[in-house]
Amino acid sequence: MRNRTENQITLVMIRHGATWSNQEHRYLGKTEEPLSEEGIKELLLYKERGDYPGIDALFASPMKRCVQTAEILYPALAPVYIKEWTEIDFGAFEGKNYRQLQGDERYQKWIDSNGALPFPEGESRETFMLRCETGFEKMIRQISKAEGEMPETVGLVVHGGTIMSLLSRYLGGDYFSYQAANGKGYICSCHWESAGLKLTGATEL
């Protein structure tokens, strides 16, 4: 913890561990799915070798795969769950992988748009990014409630799409340039300004 007059803060954004659908390269959005045994083993390996920095406060998506990941990586901390950080709704693509979608005209149109088109029967990237931003602002308000001291390092256990959304929104750059493998993510440097928390850079975890 640090005094509010010291305006630097670090955000540790971690994508949840692998599930069966992740291992099968399937689109996994609104479906609740637990971590796979392999995903749990991988997280424990990363944790044992010291890949994850210590944190003072923890925020997470309320979906099962993120809840489990948070419990494994930071068992001593009770996460604050941000419902706006649930994964994007993949609609008609949910649960399917690239091979199964071959020949689907809707999928080819989505690929040709570089992912800019809304998912059929699902969510648009714009809507998803807006709710992720709303969740980020909710986190900032929660942090700002600290009396006298505030967290120096804040952890976020979320989805790959949430990470891409937040970093492209607050750092700029292409949405897909911030992809993270399961159990991986980014360490972000930030500082407080009068308008709120400003991200100034990110390095891969």
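**Contacts, burial and overall form of the predicted model**

Thr153 makes contact with Thr10, Val12, Gly54, Ile55, Asp56 and Ala57, when residues up to four places away in sequence are not counted. The model examined here is a predicted one. Thr153 belongs to strand S6, which covers residues 153-158. The relative accessibility of Thr153 is 15%, and this residue therefore counts as buried, the limit for that class being under 20%.

The protein chain as a whole contains 7 helices and 8 strands. Its radius of gyration is 17 Å, close to the 17 Å that the globule rule gives for 205 residues, so the chain is as compact as a globular protein of that length. Along the principal axes, the C-alpha trace of the protein chain spans about 60 × 35 × 25 Å. Among contacts in the protein chain with a separation of 6 or more, 69% are between residues 24 or more positions apart.

Burial and surface were also computed for the protein chain. Of its 205 residues, 51% count as buried.

Glu126 is located in helix H6, which comprises residues 125-144. With a relative accessible area of 48%, Glu126 is classed as partly exposed, because the exposed class requires over 50%. Glu126 and Ile9 are 117 residues apart along the chain, and a distance of 27 Å separates their C-alpha atoms.

The cysteines were examined next. A search of the whole structure gives 0 disulfides. Cys66 takes part in no disulfide, and the nearest cysteine sulfur, which belongs to Cys132, lies 11 Å away. The relative accessible area of Cys66 is 0%, so Cys66 is buried. For Cys190, the closest cysteine sulfur is that of Cys188, at 5.9 Å, which is too far for a bond, because a disulfide requires sulfur atoms within 2.5 Å. Cys190 likewise counts as buried, its relative accessibility being 0%.

How values were computed: Residues numbered from 1 in each chain as written. Predicted model: local features only at pLDDT ≥ 70, side-chain atom pairs only at ≥ 80, totals over all residues. Heavy atoms only, no water. Helix = DSSP H or I, 4+ residues; strand = E, 2+ residues; numbered from the N terminus. Rg over C-alpha atoms; globule rule 2.2 N^0.38 Å. Buried < 20%, exposed > 50% of the residue type's maximum accessible area, 1.4 Å probe, protein only. Contact = heavy atoms within 4.5 Å.
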